[in-house]
Amino acid sequence: MKLNTRTFSLVLSTSIITGMATTAFADGHEHSAEAVVSHYADIALAKFEDSLTTAKTLDTAIATFLAKPNDVNLNAAKKAWIASRVPYQQTEVYRFGNAIVDDWEGRVNAWPLDEGLIDYVDAGYGTESDENNLYTANVIANAKISINGEMIDGTNITPKFLSDTLQEAGGIEANVATGYHAIEFLLWGQDLNGTSAGAGARPATDFSVENCTNGNCDRRREYLTSASKLLIADLEEMVGNWTTKGAARLALSEQDANAGISTILTGMGSLSYGELAGERMKLGLLLNDPEEEHDCFSDNTHNSHLYDAVGIQNVYLGTYTRIDGTIVEGPSLLDFAMHKDAATAEELKEKLSATITAMQAMADRTNLEAYDQMIGEGNKEGNAVVQAAIDGLIDQTKSIERVITSLDLGTIELEGSDSLDNPNSVFQ
């Protein structure tokens, strides 16, 4: 889901160097812009295929849990959900610049969500919101809900009902009814710990037919099953978009090769700066607000941020390690940029590596405290670890801009963020 970010233009020379699309190396091979873009699409296909595979594994774990709803099976489903995030987060670098991906992304990874739309919530959540009249609609408890004055029948919680009726109901983005985070909420429940230790702690019996807790277990089971099946269907659609004749791949191949290079850099820069450094990290740090963390129910935010950064790095290096350990590699943007300005190309490679190191340090710190604790008010050490990762993202974006300049790609728009560009505004 696109958040409230602002866009800034990086205005560069509009000239395109004649012959730039072909780069020769000492090994005798040619690395063309077309080859780089084609391999970028190959990596996209591999990542979305892995995302689909892990979503199917998650679906199997959910079915096992629902067949026998106990703590062991619930924990297995949670582990499968966390594993499914690893390849998916690495696809996010394909959002910006690829309209097909960006338009689709809200169906699978939209956040933050008003969880009261879906299920019961703690009293501290409140009962109403000026921005969302479905704030506590609780479709699991209520088979009929009113959307924009129309009474809607939700007797059967099917994938179609979730995608066509409930997702962004009333035109409100916070009404997230589908995707990873809806499933996350159903598996973990609310995290009521604020910036203290602990994630969501939904009891397995919330899904038990015989020993139901918190009511409506049959509908909660139906919702979880439908959300999982829908996630698979959505990922199957995106895998198809990156096959040989898929719409996303064709959209790349049918444009000028240099425009394809611009697409790659747009995705890298926009995810790095506006989306990840700004909206997903700096905003929560400024507000010291655990509600602004990406995987807020599961306390998996550190991993999601880390693998977003890994995704940025692997499209630049042209190398992706699949979930089965095999490596997809080929003509890279690094290779292409080295021919024009080796120093700048190498600088970006080093900056990307430095960011991964900072992100890994943040992830390693979860042995001591979770991400929502790190961003807590007064936690100087935790704040500093998160800020170091943000600084790495900002620094690498500057190098991305220099690579854009070195390649004479014209005007490229990267996503900005008030959290970085106008931080005082977030308190207004």
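Colleague: How do helices H2 and H5 pack, and at what angle do their axes cross?

Modeller: Two packed helices are described by the angle between their axes and the distance between the axes. In this predicted model, the axes of H2 (residues 71-89) and H5 come within 10 Å and cross at roughly 160°. An angle over 145 degrees counts as roughly antiparallel, and H2 is therefore roughly antiparallel to H5. The crossing of H2 with H5 is left-handed.

Colleague: Which residues in H2 and H5 meet?

Modeller: From H2 come Leu 74, Ala 77, Lys 78, Trp 81, Ile 82, Ser 84, Arg 85 and Tyr 88, and they meet Tyr 180, His 181, Ile 183, Glu 184, Leu 187 and Trp 188 in H5. Sorted by class, this contact of H2 with H5 has nine nonpolar, two polar and three charged residues.

Colleague: Let's go on to H13. At what angle do H11 and H13 cross?

Modeller: H11 (residues 342-364) and H13 cross at roughly 165°, and their axes come within 8 Å. That makes H11 roughly antiparallel to H13, and their crossing is left-handed. By class, the residues of the contact of H11 with H13 divide into 14 nonpolar, five polar and four charged. On the H11 side they include Leu 348, Leu 352 and Met 359, and on the H13 side Val 386, Leu 393 and Ile 400.

Colleague: And how far apart are the axes of H8 and H13?

Modeller: The axes of H8 (residues 257-287) and H13 (residues 380-406) are 9 Å apart, and the angle is about 155°. H8 and H13 are therefore roughly antiparallel to each other, with a left-handed crossing. The contact of H8 with H13 has 15 nonpolar, six polar and one charged residues. Among the H8 residues that meet H13 are Leu 265, Tyr 273, Leu 276 and Lys 282. Val 386, Leu 393 and Ile 400 are among the H13 residues that meet H8.

Colleague: Tyr 273 is in that list. How far is Tyr 273 from Ser 417 in sequence and in space?

Modeller: Ser 417 and Tyr 273 are 144 residues apart in sequence and 7.7 Å apart in space, C-alpha to C-alpha. Ser 417 sits in the loop between strand E8 (412-415) and helix H14 (418-421). With 0% relative accessibility, Ser 417 counts as buried.

Colleague: Now the backbone. Which peptide bond is cis, and what is its omega?

Modeller: Most residues other than glycine have a negative phi, and most peptide bonds are trans. Here a cis peptide bond joins Trp 111 and Pro 112, with omega about -15°. Pro 112 is placed in the loop between helix H3 (99-109) and strand E4 (144-147).

Colleague: What is the phi of Asn 214, and what is that of Asn 288?

Modeller: Asn 214 has a positive phi of about 65° although it is not a glycine. It is found in the loop between helix H5 (180-188) and H6, and at 45% relative accessibility Asn 214 counts as partly exposed. For Asn 288, phi is near 50°, again a positive value in a residue other than glycine. Asn 288 belongs to the loop between H8 and helix H9 (301-317), and at 21% relative accessibility it counts as partly exposed.

Terms used. Residues are numbered from 1 along each chain as its sequence is written. This is a predicted model: local features need pLDDT of at least 70, side-chain atom pairs count only at pLDDT 80 or more; totals for chains, interfaces and linings use all residues. Side-chain values use heavy atoms; hydrogens and water are left out. Axes are lines fitted to C-alpha atoms, for helices over the stretch in contact, and angles run from 0 to 180 degrees between N-to-C directions. Helices (H or I, at least four residues) and strands (E, at least two) are DSSP runs, numbered from the N terminus. Angles under 35 degrees count as roughly parallel, over 145 as roughly antiparallel, 65 to 115 as roughly perpendicular and the rest as oblique. A crossing is left-handed if the near helix is turned anticlockwise from the far one by less than a right angle, and right-handed if clockwise. Contact means heavy atoms within 4.5 Å. Ala, Val, Leu, Ile, Met, Phe, Trp, Tyr, Cys and Pro count as nonpolar, Asp, Glu, Lys and Arg as charged, and the others, Gly among them, as polar. Buried means under 20% relative accessible area, exposed over 50%, partly exposed in between (1.4 Å probe, protein chains only).
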